Amino acid sequence: MLNRFYNFLDERYRVTPLLRDIADHQVPDHANPTRDMRAFVYCLGGISFMVAILLFTTGVLLAVYYVPAPERAYDSIQYIMNGVAFGPLIRGIHHWGASLLIITMVLHMLRVFFHGAYKDPRQLNWVAGLLLLMAVMGMGFTGYLLPWDQKAYWATNVGTFMAATVPFIGDFIMRVLRGGPELGAITLIRFYALHVLVLPAIIGLLLAFHFLMIRRQGISGPL
Amino acid sequence: MANTIAHTTPSSTPKGAIGRRQFMAYGTGVIGAVIASIVGIPIINYFISPALGHSQATAKSEWKEMGVISQFPVGVPTKVEYSEIQKTGWEVAEARKTVWVVNQGNGQVTAYNPRCTHLGCAVYHDEKANTLNSPCHGGVFRVSDGKVLAGPPPRALDTLPVKVENGHISVIYKDFRVGTTEKIEL
């Protein structure tokens with residue numbers, strides 16, 4: 001049954017070469033942790049991706065109940081925590097995963113840096129990685145406001161005032177971030193839109209480039 | 001070494017028996033299914049858990065005062081509206097409720113849930129024909145007993161528990177499943 005369905009697909013769309021390309025893709029010996037545990041540092045990028053998938057999945061689930069409005073945000077999260085089955089688990093994974101992703105990404109970056117793997121011809125992949133780190137930090141900044149508790153409010157208050165210290169255009173940046181001079185309903189909904197729509201799209205594109213480039217160039221050789 | 005292990009010839013297993021390769025494939029499938037359910041069960045539960053609870057109306061099954069019987073004209077439905085605090089998930093808000101009350105004369109009173117039994121549209125009073133009509137698909141109900149006179153509704157309008165004490169009419173508001181021939185409380 002499953003075989004016949006696979007053959008149906010394969011005859012029409014030739015999926016076997018695509019699958020073989022993934023399944024037969026060789027991990028170089030120097031990057032294979034089963035040969036030398038120290039090669040585990042090569043896994044940090046993949047681990048970051050796995051954490052990102054976890055965050056994406058739990059984020060979609062949180063959006064099922066979360067309401068990005070000042071009078072509702074906190075209550076809707078309390079409902080996730082007290083009224084929904086596995087709510088604390090889903091939110092907990094999203095909460096802790098957010099910090100974990102920053103950690104694994106920075107470790108991945110340090111590995112690439114100390115191995116010199118960013119050098120020619122992989123410069124653009126390093127740049128893509130930097131942009132990814134910035135986008136993920138944007139996720140952290142926008143996501144931090146969404147619980148709409150004291151910590152969220154004052155952290156965003158401080159964060160947007162930091163932007164205001166930029167010479168000449170600082171005040172303008174702060175107003176754009178807040179959607180006005182004050183931090184309030186407009187700030188919350190635009191941070192939510194950035195967090196669940198804009199930044200995930202940017203991150204998805206950058207990840208695609210990141211992976212296509214590494215696949216085309218292969219990972220850097222042994223030290 | 002590795003090659004000889006990986007490429008056991010299919011002929012080394014008797015016909016009909018499960019070979020090592022097939023066993024490993026099945027085993028991988030089983031482990032995959034276990035992992036998928038460990039991940040999937042919380043996710044599905046998370047999504048559907050609010051659907052499993054009952055309606056959280058706080059004032060449920062309480063007698064609600066509709067008014068004094070002498071104020072209700074005989075044989076004609078009167079729309080009574082009131083609001084009550086209703087909790088849905090994290091939201092606690094005033095929900096507006098409507099009851100159609102019919103004074104049958106001789107002290108008898110009938111109260112109807114305003115939902116058409118077809119697909120739940122709120123009925124209105126057609127004053128010319130003195131019927132309760134649904135605005136959606138042409139359901140028409142008789143005022144005296146809620147019987148279907150025309151249209152697709154599968155059963156009569158749902159009556160609500162009603163009592164008259166010292167001339168005061170009280171009703172217990174309930175909602176029922178629509179589209180069924182039997183009256184099933186939600």
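# Notebook: a predicted two-chain model

**Entry 1, a helix pair in chain A.** I began with helix α7 (residues 150-164) of chain A and helix α8 (residues 170-178) of chain A, which pack at an angle of about 145° with their axes 6 Å apart. In general, a packed pair of helices is described by the angle between the axes and by the distance between them. For my own reference, axes are lines fitted to C-alpha atoms, for helices over the stretch in contact, and angles run from 0 to 180 degrees between N-to-C directions. Helices (H or I, at least four residues) and strands (E, at least two) are DSSP runs, numbered from the N terminus.

This is a predicted model, where local features need pLDDT of at least 70 and side-chain atom pairs count only at pLDDT 80 or more, while totals for chains, interfaces and linings use all residues. Residues are numbered from 1 along each chain as its sequence is written, chains are lettered from A and ligands numbered from 1 in the order in which they are written, and side-chain values use heavy atoms, with hydrogens and water left out.

Next I listed who touches whom, with contact meaning heavy atoms within 4.5 Å. From α7(A) come Asn157(A), Thr160(A), Phe161(A), Ala163(A) and Ala164(A), and they meet Gly170(A), Asp171(A), Ile173(A), Met174(A), Leu177(A) and Arg178(A) of α8(A). Sorted by type, the residues of this contact give 6 nonpolar, 3 polar and 2 charged. The sorting counts Ala, Val, Leu, Ile, Met, Phe, Trp, Tyr, Cys and Pro as nonpolar, Asp, Glu, Lys and Arg as charged, and the others, Gly among them, as polar.

Is Asn125(A) buried or exposed? Asn125(A) is buried, because its relative accessible area is 8%; buried means under 20%, exposed over 50%, partly exposed in between (1.4 Å probe, protein chains only). Leaving aside neighbours within four places in sequence, I found Asn125(A) in contact with Phe209(A), His210(A), Met213(A) and Ile214(A). With His210(A) there is also a side-chain polar contact of 2.9 Å. A polar contact is a pair of N or O atoms within 3.5 Å; within protein, one must be able to donate a hydrogen and the other to accept it, and residues adjacent in sequence count only if both atoms are side-chain atoms.

Most residues other than glycine have a negative phi, and most peptide bonds are trans. I noted these cases:

- The peptide bond from Asp120(A) to Pro121(A) is cis, with omega near 10°; Pro121(A) sits in the loop between α5 (87-114) and α6 of chain A.
- Asn106(B) has a positive phi of about 40° and lies in the loop between β3 and β4 (108-112) of chain B. Asn106(B) is exposed, at a relative accessible area of 69%.
- Asn130(B) has a positive phi of about 50° and belongs to the loop between β5 and β6 of chain B. Asn130(B) counts as partly exposed, at 26% relative accessibility.

I counted 2 helices and 11 strands in chain B. Of its 186 residues, 32% are buried. The domain assignment, which is automatic or from a database, gives domain 1 (2-52) and domain 2 (63-172). How far apart do the C-alpha centres of these domains of chain B lie? They are 58 Å apart.

Two strands pair if DSSP finds at least two bridges between them. Strand β2 (residues 77-88) and strand β3 (residues 91-105) of chain B pair antiparallel over 12 bridges, and Ser83(B) has Arg96(B) as its bridge partner. These two strands form a hairpin with 2 residues between them, and Gly89(B) in the turn has a positive phi of about 60°.

I then traced an open sheet of 4 strands in chain B, ordered β5-β6-β7-β8 with antiparallel pairing. Its edge strands are β5 (124-126) and β8 (148-150), each pairing on one side only. Between β5(B) and β6 (residues 131-133) there are 3 bridges, and His125(B) stands opposite Leu132(B).

Another open sheet of chain B has 3 strands in the order β1-β11-β10, again with antiparallel pairing. Why is one side of β1 (63-68) and of β10 (162-165) left without a neighbour in the sheet? Both stand at the edges and each has a single partner strand. Neighbouring strands of this sheet are turned by 25° against each other on average, direction ignored. I finished with β10(B) and β11 (residues 168-172), joined by 4 bridges, where Val162(B) is partnered with Val171(B).
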